[in-house]
Amino acid sequence: MELTAYDEKYESKLYAFLAVCLPESGRCLDLDGRHQYYRDIRNHFIGFWCMWDADNIIGSVAISELTKENCELKSLYLLEKYHRNGYGRQMLAHAIATAQEHGYRKMYLDSLSTSTNAVALYRKMGFVDTEKYNNSRFSDVFMVRELQ
């Protein structure tokens, strides 16, 4: 498995991955609405990476800037058949290390309480519950991790 920075040439593979992965966790890909930022990754994220198995994207992770001091973990997704192999942890560790290199002090995230595996991973990686920090109407879990 290889984690690489996103390139626009991966766009169709990313959309195909998201169309399969999001429903696995009770979400629906909406490129014309809620998920329109995937149409312009370069301008919406500080970094965006794809996890590959041969020629197929099996996972993703991204960082967006909230403020000059704080960032947000975004798009940590992994196809279910790859769960419990350390790939989610690897992607999350990469995002945290990159955020630290950029000098961010805190990393925030929002998620769904039904994403029990993801929430457990976040806790293992040092995230703790925090107050709602955004206007997401879809999330019910809000977490933060100190980076410095």
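These legends walk through a few close-up views of a predicted model.

**View 1. Helix α1 from end to end.** Let's start with α1, which covers residues 11-24. Its 14 residues reach 20 Å from the first C-alpha to the last, close to the 20 Å expected at 1.5 Å a residue. Just after α1 comes glycine 26, with a positive phi of about 80°.

**View 2. The buried residues of α1 and what covers them.** Which residues of α1 are buried? They are Leu14, Tyr15, Phe17, Leu18, Cys21 and Leu22. In an α-helix there are 3.6 residues a turn, so residues three or four places apart point the same way. The cover over the buried residues of α1 includes α2 (41-44), along with β2 (47-53), β3 (56-65) and β4 (70-78).

**View 3. Alanine 16, a residue of α1.** Alanine 16 sits in helix α1.

View 4. You'll find tyrosine 10 in the loop between β1 (2-5) and α1. With a relative accessible area of 18%, tyrosine 10 is buried, because the cut-off for that word is under 20%. What does tyrosine 10 touch, leaving aside its neighbours within four places in sequence? Its contacts are Thr4, Ala5, Trp52 and Ile57. As for leucine 109, 99 residues from tyrosine 10 along the chain, the two C-alpha atoms are separated by 25 Å.

**View 5. Helix α3 and its buried residues.** On to α3, residues 87-101. This helix has 15 residues and spans 21 Å between its first and last C-alpha, close to the 21 Å expected at 1.5 Å a residue. Buried here are Tyr87, Gly88, Met91, Leu92, Ala95, Ile96, Thr98 and Ala99. Glycine 103 follows α3 and has a positive phi, near 85°.

**View 6. Where α3 packs against α4.** How do these two helices meet? Helix α3 and helix α4 (residues 116-124) pack at an angle of about 50°, and their axes are 11 Å apart. That angle makes α3 oblique to α4. The crossing of the pair is right-handed. On the α3 side, Gly88, Arg89 and Leu92 take part, meeting Leu121, Tyr122 and Lys124 of α4. Sorted by class, this contact has 3 nonpolar, 1 polar and 2 charged residues. Two of the α3 residues named here, Gly88 and Leu92, also belong to the buried set of that helix.

Conventions. Residues are numbered from 1 along each chain as its sequence is written. This is a predicted model: local features need pLDDT of at least 70, side-chain atom pairs count only at pLDDT 80 or more; totals for chains, interfaces and linings use all residues. Side-chain values use heavy atoms; hydrogens and water are left out. Axes are lines fitted to C-alpha atoms, for helices over the stretch in contact, and angles run from 0 to 180 degrees between N-to-C directions. Helices (H or I, at least four residues) and strands (E, at least two) are DSSP runs, numbered from the N terminus. Angles under 35 degrees count as roughly parallel, over 145 as roughly antiparallel, 65 to 115 as roughly perpendicular and the rest as oblique. A crossing is left-handed if the near helix is turned anticlockwise from the far one by less than a right angle, and right-handed if clockwise. Contact means heavy atoms within 4.5 Å. Ala, Val, Leu, Ile, Met, Phe, Trp, Tyr, Cys and Pro count as nonpolar, Asp, Glu, Lys and Arg as charged, and the others, Gly among them, as polar. The expected span of a helix is 1.5 Å times one less than its number of residues. Buried means under 20% relative accessible area, exposed over 50%, partly exposed in between (1.4 Å probe, protein chains only).
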